Amino acid sequence: MTFVLGLTGGIGSGKSAASNWFELQGIQVVDADIVAREVVEPSQPALNQIQQQFGDWVLLANGELNRRALREHIFKDPTARQALEAITHPAIRQSIIQQLNEATSPYVILVSPLLFETNQHELTNHTLLIDATEQLQIQRASQRDGQNIEQIQKIIQVQMPRQEKQKIADDIVLNDGHLDHLYAQLRPLHLKYLAHAEKS
Ligand code: ADP
C-alpha cells in the first residue's frame, strides 16, 4: 500500500497552494472536497438516499443536488446535519480509499480541510498541517472567494481550532510569508516523505 500523507489546514491556510506544489513534484493528490462533490452527483446512490431522507426539495429541476437549500437547512438543524453526514461520510470515505489505492506516485496525498474532524487522518500514515493566523486566513480566503469576512469567520468557527490541530499533526508548516517561503519549507518535507515511502 502506498504511503499516504494527510494534508490539512483551515480555510485560506494554503492547502491548495501546498498540494499544487506537491503535484508539480509528481505526487498524486486526492482532494476530499472534490470527492464530497462527486459522491452526490446524480448518478451516485448517496443522492438518492439524501432525497429519501429529506424530500424532493433537495433536488433542482435538472436532478442535481440543491446545495444551497440543503446547506441552509442543516445550518439551522444539527440533527439534519447528522442525518446528512451519516449518508455522505461513508460514501466519501469509500471513494477516498479507492482513489488512494489506485495512486501510482511514490507517495500519495489526501488533502482535506476536515482531516482530523472527520477522522480521515485514520486513512493516512503521516499528517502535515498548513498553518496560518486567523487574520491571514480571512485575508486570503476573502480575496480568493469574494466571501465576506463574517462568512469566513463562521467557517473557521466550525473547524477545529488551530492550536488543537498543531497538537495532532506530525509536521507543521507556517504559511506566513510569500509563496516561495511556503515552497522552501515543503521541499525538505517532500524528500522526507519520499524516504518514508521507500521504507514503507
Ligand atoms: P486553502 O486551500 O487552504 O483554503 P489556498 O491554498 O486556496 O487555501 O490559499 C488561499 C488563497 O491565498 C489562494 O488565492 C492562494 O493563492 C493564496 N495564498 C496561499 N498562500 C499564500 C502565500 N504564502 N502568499 C500569498 N498568497 C497565498
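Strands here are DSSP runs of E with at least two residues, and they are numbered from the N terminus. With that in hand, here's a look around this structure, which is a predicted model.

Let's start with one of those strands. Asp131 sits in β4, a strand that covers residues 126–131. Is Asp131 buried or exposed? Its relative accessibility is 4%, and buried means under 20%, so Asp131 counts as buried. Its side chain has a partner too: there's a polar contact between the side chains of Asp131 and Arg162, at 2.8 Å.

**Around the ligand**

Now for the ligand. There are 14 residues around it, and the ones that come nearest are Lys15, Ser16, Arg144, Asn175 and Gly177. If you sort the shell by class, you get three nonpolar, eight polar and three charged residues.

| Residue | Protein atom | Distance to a ligand oxygen atom |
|---|---|---|
| Ser13 | polar backbone atom | 3.3 Å |
| Gly14 | polar backbone atom | 3.0 Å |
| Ser16 | polar side-chain atom | 2.8 Å |

How much of the ligand does the protein cover? On its own, the ligand has 550 Å² of accessible area, and the protein covers 75% of that. Two elements each give two or more residues to the shell: α1 (15–24) and α6 (134–145). Helix α1 gives the most, with three residues.

**The nonpolar core**

Next up is the inside of the protein. In soluble globular proteins, nonpolar side chains tend to be buried together. In this model, the largest nonpolar core has 29 residues. Which residues have the most contacts inside that core? They are Ile50, Phe54, Leu65, Leu70, Ile96, Leu100 and Leu110.

Of the elements, α5 gives the most, with seven residues. And where does the core lie? Domain 1 (1–27 + 107–200) and domain 2 (37–104) both give residues to the core, so it lies between the two domains.

With a relative accessibility of 43%, Glu23 counts as partly exposed. Glu23 and Ile109 are 86 residues apart in sequence, yet their C-alpha atoms are 9.1 Å apart in space.

The other pair involves Lys199, which you'll find in helix α9 (residues 179–199). Lys199 is exposed, and its relative accessible area is 70%.

Finally, take a look at the loop between β3 and β4, where Asn119 lies. What is the phi of Asn119? It's positive, at about 60°, although Asn119 is not a glycine.

Methods:
Residues numbered from 1 in each chain as written. Predicted model: local features only at pLDDT ≥ 70, side-chain atom pairs only at ≥ 80, totals over all residues. Heavy atoms only, no water. Near = heavy atom within 4 Å. Polar contact = N/O pair within 3.5 Å; in protein donor to acceptor, adjacent residues only side chain to side chain. Areas by Shrake-Rupley, 256 points an atom, 1.4 Å probe, with all protein chains shown as cover. Helix = DSSP H or I, 4+ residues; strand = E, 2+ residues; numbered from the N terminus. Nonpolar A, V, L, I, M, F, W, Y, C, P; charged D, E, K, R; others polar. Core = buried A, V, L, I, M, F, W, Y, C linked by side-chain atoms within 4.5 Å. Buried < 20%, exposed > 50% of the residue type's maximum accessible area, 1.4 Å probe, protein only. Domains from an automatic or database assignment.
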